[in-house]
Amino acid sequence: MSELITAALVDLDLSAETKDDAARSLAERMVTEGRVSDLDGFLADVAAREAQMPTGLDGGIGIPHCRSEHVTAPTLAFGRSDRGIDFGAADGPADLIFLIAAPAGADDDHLTILSALARRLMDPDFTSALRAERAPAAAAALIRGEEATSADSTSDASPSEGAAADGPAGDSAAPADEPFRIVAVTSCPTGIAHTYMAAESLAAAARAEGVVLDVETQGSAGFERLDPGLIAAADAVIWAHDVEVREKARFDGKPIVDTGVKAGINRPAALIAEAKRQAERGATSTVTGGSAQPDDGVTTGGDHAHFGIRLRTYLMSGVGYMVPFVAAGGLLIALSFAIGGYEIASAKSVADHFVWGEADSWAALLNQIGTAAFAFLVPVLAGYIAYGMADRPALVPGFVGGAIALTINAGFLGGLAAGLLAGAVVMAIQRVKVHPTLRGIMPVLVIPLIASVVVGFLMFIVVGKPIASLQRALTDGLNGLSGSNAIILGVVLGLMMCFDMGGPLNKVAYAFAVGGLADPTPGSLKVMAAVMAAGMVPPLAMALATTVRGRLFTKTERENGRAAWVLGASFISEGAIPFAAADPLRVIPSVMAGGAVTGALSMAFGCTLRAPHGGIFVVPLIGDPFLYLLAIAAGTAVATALVVLLKGMRRTAEAPVPAPAIEESKISFAA
């Protein structure tokens, strides 16, 4: 680790009182050494990583870390605190703080070294030596491994080698009774520290229990798949993860303990004991492709997240795959209207009539291509909701159900129902035990066939007509919107678009609007206009705020503000996310208020929009474009005024603190 840490990056008398101050103190050393180019930008990235999951570990360890474009070389800074600093660990404050900085494009060699350090932190001898060391140079040498013990060498082995109780496969010195065998997968959002610490902690607990354990670390240093033979021979599986386990289907049929990565670090013995209990009871798991949201507790057998979380995940899967069809098809249709007018929608097929030098022919071509793309909206939505629930076997019944929803005029709501039905039916079929000889044809023949018949029956005969009636009622309601009802809907849509800026609520509001474009009415066109207008407000407001009151923002935020002008004008709400991540309590309420104003004004003005995307670039297709731009400007002004006011009040409250330059820079990552 000679390139990662030096004596200048060690502080054995760290005086910081909070984790933010500790990160700043250690990061300043990195800046002095030329390892970090932008202090505030780097600290914002550290804070964003900390917001995903606290980095405190049992045993008095804090390990803040991140990848950042502001890091010039992989770097480690170490601080030791006498009073202890709260990093969110269950057993109290941390006295050993390791700040790990990895470049955005760090190579595998450096990431492997960092992962080796993470595993060594699980060695009590190593941490005890660091607590006793009195010289920064000696502490740096110890961290670099220049005084590594034999125990350290074991920790630095690959996960499978270090984890197996009796060698790579645990066979060389196996007792007379076959040992209990476990395979595990560990992963964390950044893939630098917790992934490997969980692997080492599980390995140590397995050695103590006489269990043969092989670990697959799915981290930033890459991942090497467990040998299929090891998985087949395993008695149980442990997943300690905070991101989706890759290639889940490999573990189908095994007892699975499914938990968060910090449980793998803090309670490995409990996980191993749970794995044994599951195996003794003969438990098995049917592994699907759905996303889990693990916590720090122990769950077993697949996706056990709260139903609301899982439902949101399924719906987001469908919407995420649908959006490219919306963008491509909708913009083509919008462009065709710009060239040939709205009447171009009734033009003859270009397959029968196309004149190369005629603008209307090109407009008709674009319109018909866009219309073809739009025809996939509901089937794709349904198909990928089902895919999110039950993986590839659910695609066919999902698409079939979505197509039927269009046939019976059940529209967007029918697509939602078809996707959920298809996923549920496939999941039910997957739980049926079948003879081993049939397993090979189940996902490609039996499941799609049976599920398509069931979903088709339900959509045509049982639920389709009621949903179609509900869709018609919704359409009629939108057409009849006027006065206060329309304004209230505009407020709600504006709040949803600005709350999470590209997240679930934003996508729900957007999908609701786009669904209306499949069969446009005056009401649905007003909804689409309000949704896009509100979605433009957050980045535009942050761009304006950084322009008029730049001293309230860090250098990095001011740079992001310049980019936010373009992102906001293009209807990319995510352009405000860096500001919201750094200061959510001030930014999010401000932009929500601005979005609500814009949505309400757009509906009150009766503005309409036929394009599902494009921002200011589709203004010619907007009904009452000047009033529409006025609504956006008003909402942007409201959001800007609020965020400037709130940030200014905070700055005033902190004014008595000396060193104002440092205090201002804290704005970039303090909540």
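Q: Where does Asp-624 sit?
A: Asp-624 is placed in the loop between strand E13 (622-623) and helix H25 (625-653). Keep in mind that this is a predicted model.

Q: What makes Asp-624 count as partly exposed?
A: The relative accessible area of Asp-624 is 41%. Buried would need a value under 20% and exposed one over 50%, so Asp-624 is partly exposed. Its backbone deserves a glance too: Asp-624 has a positive phi of about 55° although it is not a glycine.

Q: Which loop holds Asn-409, and what is said of its phi?
A: Asn-409 lies in the loop between helix H15 (395-407) and helix H16 (411-430). Its phi is positive, about 60°, although Asn-409 is not a glycine.

Q: Why is Asn-409 called exposed?
A: Asn-409 has 55% relative accessibility. The label asks for over 50%, so Asn-409 counts as exposed.

Q: How do you know that Trp-356 and Trp-362 form an edge-to-face pair?
A: The structure holds eight aromatic pairs. In the pair of Trp-356 and Trp-362, the ring centres are 5.9 Å apart and the planes stand at 75°. Pairing needs centres within 6.5 Å, and edge-to-face needs planes over 60 degrees apart, so this pair is edge-to-face. Ring pairs also link Phe-354, Trp-356 and Trp-362 into a cluster.

Q: What accessibility labels do Trp-356 and Trp-362 get, and why?
A: Trp-356 has 68% relative accessibility, so it counts as exposed. Trp-362 has a relative accessible area of 37%, so it is partly exposed.

Q: What makes Tyr-384 and Tyr-387 a ring pair, and of which kind?
A: Their ring centres are 5.6 Å apart and their planes are at 70°, so the pair is edge-to-face. Tyr-384 and Tyr-387 both lie in helix H14 (residues 377-390), three residues apart, which is about one turn of the helix. With 25% relative accessibility, Tyr-387 counts as partly exposed.

Q: Why is the contact of Arg-83 with Glu-17 called a salt bridge?
A: Their side chains meet at 3.0 Å, N to O. The cut-off is 4 Å, so the pair qualifies as a salt bridge. Arg-83 is in strand E5 (residues 75-85) and Glu-17 in the loop between strand E1 (10-11) and helix H1 (19-32), a link between distant parts of the chain, 66 residues apart. Both Arg-83 and Glu-17 are exposed. In total, the count comes to seven salt bridges.

Q: What does the salt bridge of Arg-24 and Asp-40 tie together?
A: The closest N and O atoms of Arg-24 and Asp-40 are 3.6 Å apart. Arg-24 lies in helix H1 and Asp-40 in helix H2 (residues 39-52), so the pair ties together parts that are 16 residues apart in sequence.

Q: Are Arg-24 and Asp-40 buried or exposed, and how do you know?
A: Arg-24 has a relative accessible area of 6%, so it is buried. Asp-40, at 15% relative accessibility, counts as buried.

Q: How many residues separate Glu-274 and Arg-277, and what forms between them?
A: Glu-274 and Arg-277 are three residues apart in helix H11 (residues 268-280), so about one helical turn separates them. They form a salt bridge, the closest N and O atoms being 2.7 Å apart. Glu-274 counts as buried at 13% relative accessibility, while Arg-277 counts as partly exposed at 39%.

Q: Why is Ser-187 called buried?
A: Ser-187 has 0% relative accessibility. The label needs a value under 20%, so Ser-187 counts as buried. It is found in strand E7 (residues 181-187). Leaving out residues up to four places away in sequence, Ser-187 touches several residues, including Thr-195, Gln-218, His-241 and Val-261.

Q: Which residues touch the most other members of the largest nonpolar core?
A: They are Met-528, Val-531, Leu-609 and Tyr-628, in a core of 69 residues. Helix H21 (residues 522-548) gives the largest share of this core, ten residues.

Definitions and conventions:
Residues numbered from 1 in each chain as written. Predicted model: local features only at pLDDT ≥ 70, side-chain atom pairs only at ≥ 80, totals over all residues. Heavy atoms only, no water. Phe/Tyr/Trp six-rings, centres within 6.5 Å; stacked < 30°, edge-to-face > 60°. Buried < 20%, exposed > 50% of the residue type's maximum accessible area, 1.4 Å probe, protein only. Helix = DSSP H or I, 4+ residues; strand = E, 2+ residues; numbered from the N terminus. Core = buried A, V, L, I, M, F, W, Y, C linked by side-chain atoms within 4.5 Å. Contact = heavy atoms within 4.5 Å.
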